Amino acid sequence: MNRLGHQAAAQATWLSVCTAERFLGEQALSWQHVVAGAIVASSMCADDWSPDSDQGGVMAKIIPGGHRGPTHMPELVAGVLYLLTVVAGDDLDWFVIAAAAAWGSHLAVDFFWGGIPFGILTLMGNKKRMGFKLNTGGPAEEVVTWIMTFASVPLAYLALGGPTPWVTA
Ligand SMILES: [Zn+2]
């Protein structure tokens with residue numbers, strides 16, 4: 001999946017979390033947190049601060065295993081997110097959730113567009129991937145990117161506290 005697709009997925013995921021938090025959670029996030037989280041999710045879903053940090057730049061030289069190697073292992077991503085929650089503490093939990101939306105959605109779409117590694121087996125040299133082999137930049141990607149981009153508009157409205165006929169408060 002290309003950058004645009006990763007961004008659409010990360011934004012739709014983050015705004016869905018915010019919307020769920022508003023209607024199902026104990027307390028809705030402030031609009032400042034919704035906006036800041038959207039920026040975090042958008043910048044951490046692709047390139048150097050995403051699982052694709054193994055694709056170029058400094059990180060690619062440090063991380064072994066080539067593209068979609070260790071950085072795309074679901075356990076490792078979950079482990080790093082867990083460490084982030086410990087470091088960040090309660091006040092920055094929105095940041096960690098936004099990072100989780102970015103990296104989680106990244107792995108989810110990579111699962112369909114080319115596959116992700118078989119977890120921990122990657123470290124033992126396993127090169128096989130789980131998932132599907134949809135074409136990056138192909139028609140399916142275009143449709144899914146479009147749907148997620150479009151869905152982000154009503155999701156943003158709901159996440160930011162827009163009035164609805166079914167909730168008065
Ligand atoms: Zn990737």
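Student: Before we start, what makes a residue buried, exposed or partly exposed here?
Tutor: A residue is buried if 20 or more other C-beta atoms lie within 10 Å of its own, exposed if 12 or fewer do, and partly exposed in between. Keep in mind as we go that this is a predicted model.

Student: Ok, so is Phe111 buried, exposed or partly exposed?
Tutor: Phe111 has 17 other C-beta atoms within 10 Å, and because that count falls between 12 and 20, Phe111 is partly exposed.

Student: And where does Phe111 sit, and what does it touch?
Tutor: Phe111 belongs to helix 5, and, if residues up to four places away in sequence are not counted, it touches Ile116 and Gly131. As for Gly137, it lies 26 residues from Phe111 in sequence, and the two are 15 Å apart in space, C-alpha to C-alpha.

Student: What about the length of helix 5, and what follows it?
Tutor: Helix 5 covers residues 93–112 and reaches 29 Å from its first C-alpha to its last, which is close to the 28 Å expected at 1.5 Å a residue. After the helix comes Gly114, whose phi is positive, near 110°.

Student: Switching topic: how do helix 4 and helix 5 lie relative to each other?
Tutor: Two packed helices are described by the angle between their axes and the distance between the axes. For helix 4, residues 74–88, and helix 5, the axes come within 9 Å and cross at roughly 170°, and that makes the two helices roughly antiparallel.

Student: Which residues make that contact?
Tutor: From helix 4 they include Pro74, Val77, Leu81 and Leu84, while those from helix 5 include Phe95, Val96, Trp103 and Leu107. By type, the residues of this contact divide into eleven nonpolar, one polar and one charged.

Student: Zooming out, what is the secondary structure of the protein, and in what order do the elements run?
Tutor: There are six helices and two strands, and from the N terminus on the elements run α-α-α-α-α-β-β-α.

Student: And what are the overall dimensions?
Tutor: The C-alpha trace spans about 55 × 40 × 25 Å along its principal axes. The radius of gyration is 17 Å, which agrees with the value near 15 Å that a compact globule of 169 residues would have.

How values were computed. Residues numbered from 1 in each chain as written. Predicted model: local features only at pLDDT ≥ 70, side-chain atom pairs only at ≥ 80, totals over all residues. Helix = DSSP H or I, 4+ residues; strand = E, 2+ residues; numbered from the N terminus. Expected span 1.5 Å × (residues − 1). Axes fitted to C-alpha atoms, helices over the stretch in contact; angles between N-to-C directions. Parallel < 35°, antiparallel > 145°, perpendicular 65-115°, else oblique. Contact = placed C-beta atoms within 7 Å. Nonpolar A, V, L, I, M, F, W, Y, C, P; charged D, E, K, R; others polar. Rg over C-alpha atoms; globule rule 2.2 N^0.38 Å.
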